[in-house]
Amino acid sequence: MKSIIYPASARGHVDIGWLNARHSFSFGQWHDAEKMHFGALRVLNDDIVRGGGGFPTHPHDNMEIVTIPLTGALAHKDSTGGNGIIKAGDVQVMSAGTGVRHSEFNASQTDEVNLLQLWVFPKKRNISPRYDQRSFDITGRTNKWQTVISPDETEGGMWINQDARFSLLHLDAGKEITYTTKFAGNGVYLFVIKGAVTIAGSDLAKRDAIGVSETAGALIKATNDTQLLAVEVPMAL
């Protein structure tokens, strides 16, 4: 097993007024040669968008983009016709493919929205752009993995153009669970949304993460009530 710790305190930080963002991997003006990606996972931004703020229309191509609101609500509009509001409990996935333009704005003029946005390199390039969003029952992740993104739609998640899998978990203090990879050769990036856990022998707290590879699974033990995001991705690009 190989593992690498990503402390919350080592993330990049950008605050431009309407946006207060933490970057787990190099993004925009923040660059760290040691933090370019974990396998096919290229971006994990922890964004707080203040009331009335947002990202004006901008382009993407050949990237799988997943957005997970933690608090508040985000209004989305894109050139595929995707148009809606996502809130805590919802997940959005967009295949940029040959090219897409989209905007994202806080749906409130007063309240903040906190979201995670993740980018994954695609399996196939230049596919037709596509958009999907879904509401998930958060009770379905209590002490068990709830898969929200997977190329195998029989798992109950939304499709992604990659052998990648996103799963969410609410693990009660004192409980333990194993994450088992679905695809041979994949690694898993485990991000602590809140709480405290021990993973692969390492103690992690809120917004810490660990990347685990060259193993079929990782044991997770909660020392406090914990919310966790697991992002399974190919390690070879």
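A charge is said to sit over a ring if NZ of Lys or CZ of Arg is within 6 Å of the ring centre and within 35 degrees of the ring normal. In this predicted model, K182 lies over the face of F183, at 5.9 Å from the ring centre.

Residues are numbered from 1 along each chain as its sequence is written, and side-chain values use heavy atoms, with hydrogens and water left out. Local features need pLDDT of at least 70 and side-chain atom pairs count only at pLDDT 80 or more, whereas totals for chains, interfaces and linings use all residues.

**Aromatic pairs**

Rings of Phe, Tyr and Trp (its six-membered ring) pair if their centres lie within 6.5 Å; planes under 30 degrees apart count as stacked, over 60 as edge-to-face and the rest as tilted. The whole structure holds seven aromatic pairs, including the two in the table.

| Pair | Type | Centre to centre | Angle between planes |
|---|---|---|---|
| F25 and Y189 | tilted | 5.5 Å | 50 degrees |
| W145 and Y179 | edge-to-face | 5.2 Å | 90 degrees |

Strands (E, at least two residues) are DSSP runs, numbered from the N terminus. F25 lies in the loop between β3 (19–23) and β4 (41–49), while Y189 belongs to strand β16 (residues 186–194), 164 residues apart. W145 lies in the loop between β12 (130–135) and β13 (146–149), and Y179 in strand β15 (residues 176–180), 34 residues apart.

A residue is buried under 20% relative accessible area, calculated with a 1.4 Å probe on protein chains only. F25 counts as buried because its relative accessibility is 0%, and Y189 is buried with a relative accessible area of 0%. W145 and Y179 are buried as well. Ring pairs also link Y6, F25, F38 and Y189 into a cluster.

**Sheet and cores**

Two strands pair if DSSP finds at least two bridges between them. Seven strands form an open, antiparallel sheet in the order β2-β3-β4-β11-β6-β9-β12. Its edge strands, β2 (12–15) and β12, each pair on one side only. Within the sheet, β6 (residues 64–71) and β11 (residues 113–120) pair over seven bridges, and V66 stands opposite L118 in β11.

A nonpolar core is a set of buried Ala, Val, Leu, Ile, Met, Phe, Trp, Tyr and Cys residues joined through side-chain atoms within 4.5 Å. The largest has 28 residues, of which L118, I149, F166, Y189 and L229 touch the most other members. A second, separate core of 18 residues includes I177, Y179, L190 and I199. In soluble globular proteins, nonpolar side chains tend to be buried together.

Key: Helix = DSSP H or I, 4+ residues; strand = E, 2+ residues; numbered from the N terminus. Buried < 20%, exposed > 50% of the residue type's maximum accessible area, 1.4 Å probe, protein only.
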